[in-house]
Amino acid sequence: MKNIVKRILPEYVVSLIRNLILVKRLYPAYLYDLKRFYRYSGTDGHGDETKLIEKIITKYHIIEKGLTMPSSRLGFGKDVIIGLSSLCLEFSRKYDSKDEQYLHAIGVILEYKRFHEVNNFELNKDIIKAITKIEGLMSISPTQQLSFEKDDFFQYKNSEFLTFSNSRMSVRNFDENEEISQETLDNVLNLAKNAPSACNRQTWRTYIITDKTSVGRVLEAQGGNRGFGHLANKVIIVAGEVGGFASPGERNQVFIDGGIYAMNLLYSLHYYNIGSCILNCSHSVEKDMKMREIIDLKQSEVFIAMIAIGIPPKNFKVAISKRYSIEHTNKYS
Ligand SMILES: Cc1cc2nc3c(=O)[nH]c(=O)nc-3n(C[C@H](O)[C@H](O)[C@H](O)COP(=O)(O)O)c2cc1C
């Protein structure tokens, strides 16, 4: 039958029919995803506990990052700290005030206040007002972001996995004068490729940006690296080749395999004494197109993430990025 249709109809009609059949197979799968994202993501606000706490985490992490920048700007993040305080007040009214992330958020707000006191900086009165309300909620100690010496930070590279894994953290401070050689990066990439992938398809691709001007352009367009990106020695773009996947069921596999690879790459960088901060490529359509102009990705490839890398300076700070205890995120059945 197929052959008869092919013989009778012109080539372009056959191609059109083939495309329609393909779209008909893919459409329900994407619609299925769209409905879930539309219904349950935080796109429409923070109407339940999960959404609210995720907003709180996002905001306190911005403050954590601000407190650990190579040179933190005094008075930074006015809107964020006021917004965070207001979300914490809302959380305290509505939900369990023993939530670990909520408590950590309060600690970060208090650290922000202490940081400015120690630096004799008078905070804006709206910030003071917001923080005073938080102080009225409970008595809690300020958090303290982590401080490292470079040699200490990498001292566990040959330790057992438990210690090694616990010692990897995002670094947002680099020594501008330290160069990372291609030879070292080749070693990193050779180690990172141990990552597992669906049917061993290895669809990850990396683009290593070395030219200073291009590093600057890419990081500026990414936007989530203010205060430290300008110090990065290189940027690794982690992409994924869609051509490795076929069925509607595999529509997200490129991101899963790419994400697993990206994690292995972070470990590999840490093993080779390279500081790294993975940066999101959660692009809008417009931004994706702009990024493709800058990075010349193949049309068959998608962005997974990018990683700013460099050698840390002698002393630097690292954001705590508190993790939930496993009871919160895991369930046995
Ligand atoms: C996909 C992804 C995107 C991220 N994007 C950014 C970013 O744009 N800017 C940034 O400073 N950190 C970014 N991070 C780093 C996270 O803030 C960091 O991994 C998290 O707080 C855990 O801390 P750790 O890496 O020190 O363990 C990103 C992390 C991931 C996994």
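Which element gives the largest share of the shell around the ligand? Strand S4 does, with four residues.

This is a predicted model, in which local features need pLDDT of at least 70, side-chain atom pairs count only at pLDDT 80 or more, and totals for chains, interfaces and linings use all residues. Residues are numbered from 1 along each chain as its sequence is written, and side-chain values use heavy atoms, with hydrogens and water left out.

**View 1. The shell around the ligand.** Of its 15 residues, His61, Arg168, Ser170, Ser321 and Arg323 come nearest (near: a heavy atom within 4 Å). The shell divides into five nonpolar, six polar and four charged residues.

View 2. The side chain of arginine 172 places an N or O atom 2.9 Å from a ligand oxygen. For glutamine 222, a polar side-chain atom lies 3.1 Å from a ligand oxygen. Asparagine 280 uses a backbone N or O atom, 2.9 Å from a ligand nitrogen.

**View 3. The salt bridge of aspartate 33 and arginine 251.** A salt bridge is a side-chain nitrogen of Lys or Arg within 4 Å of a carboxyl oxygen of Asp or Glu. Here the N to O distance is 2.7 Å. The partners are 218 residues apart, with aspartate 33 in helix H2 and arginine 251 in the loop between S3 and H11.

**View 4. The salt bridge of glutamate 250 and arginine 201.** N and O are 2.7 Å apart. Glutamate 250 sits in the loop between S3 and H11 and arginine 201 in the loop between H9 and S2, so the pair ties together parts 49 residues apart in sequence.

Terms used
Polar contact = N/O pair within 3.5 Å; in protein donor to acceptor, adjacent residues only side chain to side chain. Helix = DSSP H or I, 4+ residues; strand = E, 2+ residues; numbered from the N terminus. Nonpolar A, V, L, I, M, F, W, Y, C, P; charged D, E, K, R; others polar.
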